[in-house]
Amino acid sequence: MSSDTAHDKLIALLDEHDATYRVIEHAPEAVTEVVSQLAGYDQRQAAKCIVVMVKVGKKVTRYAAAVIPGHKRVDFTKVKALFGGTYAGFAPPEAAEELAGTPVGTIPPFSFDERMELFVDPEVLQHPEVFFNAARFDRSIALATADYEAIAKPTVEPIAQA
């Protein structure tokens with residue numbers, strides 16, 4: 001899936017649910033700290049999505065879309081524990097892009113693939129609006145947090161480092 005296709009799918013999903021959102025255009029960028037400055041929001045309100053690979057035993061690999069505040073890092077130990085896994089780390093870029101349908105650095109905080117479970121840190125949900133990648137390097141979305149929760153239906157777990 002191309003970035004444009006993933007972006008269009010995301011916008012269609014938000015429109016289908018009558019979500020309160022706006023698209024913010026900015027210079028192409030993938031780093032959350034820089035994007036938040038370009039788009040004019042506090043990175044604490046950013047819903048940064050990291051695709052995590054979890055090994056469960058020797059032969060089973062599971063994936064999680066771990067959504068954390070933009071100023072924090074994912075706690076792999078916490079994600080590993082959610083699956084009862086033996087190892088957790090960044091998913092290889094090819095796997096992350098296949099599961100998310102968009103390039104690393106543009107992954108929105110949703111899961112459109114049944115092989116990737118969606119987890120969000122409760123701190124992400126503390127603001128009235130969340131900001132995130134819009135499946136493109138040059139666009140972000142500001143979405144009402146209540147709409148994000150209703151549409152994405154994430155599992156809420158503390159998965160960010162303290």
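I looked up Phe-110 first: Phe-110 is buried, at 4% relative accessible area. Buried means under 20%, exposed over 50%, partly exposed in between, with a 1.4 Å probe and protein chains only. Phe-112 is partly exposed, at 35%.

I note that this is a predicted model: local features need pLDDT of at least 70, side-chain atom pairs count only at pLDDT 80 or more, and totals for chains, interfaces and linings use all residues. Residues are numbered from 1 along each chain as its sequence is written, and side-chain values use heavy atoms, without hydrogens and water.

Next, the rings. I found 6 aromatic pairs in the structure. Rings of Phe, Tyr and Trp (its six-membered ring) pair if their centres lie within 6.5 Å; planes under 30 degrees apart are stacked, over 60 edge-to-face, the rest tilted. Phe-83 and Phe-119 have ring centres 5.7 Å apart and planes at 75 degrees, so this pair is edge-to-face. For Phe-110 and Phe-112, the centres are 6.1 Å apart and the planes at 10 degrees, so I log them as stacked. Phe-110 and Phe-112 form one aromatic cluster with Phe-132 and Tyr-148.

Then the whole chain. I count 5 helices and 8 strands; these are DSSP runs numbered from the N terminus, helices being H or I of at least four residues and strands E of at least two. Their order is α-β-α-β-β-α-β-α-β-β-β-α-β. Of the 162 residues, 51% count as buried. The C-alpha atoms fill a box of roughly 45 × 35 × 30 Å along the principal axes.
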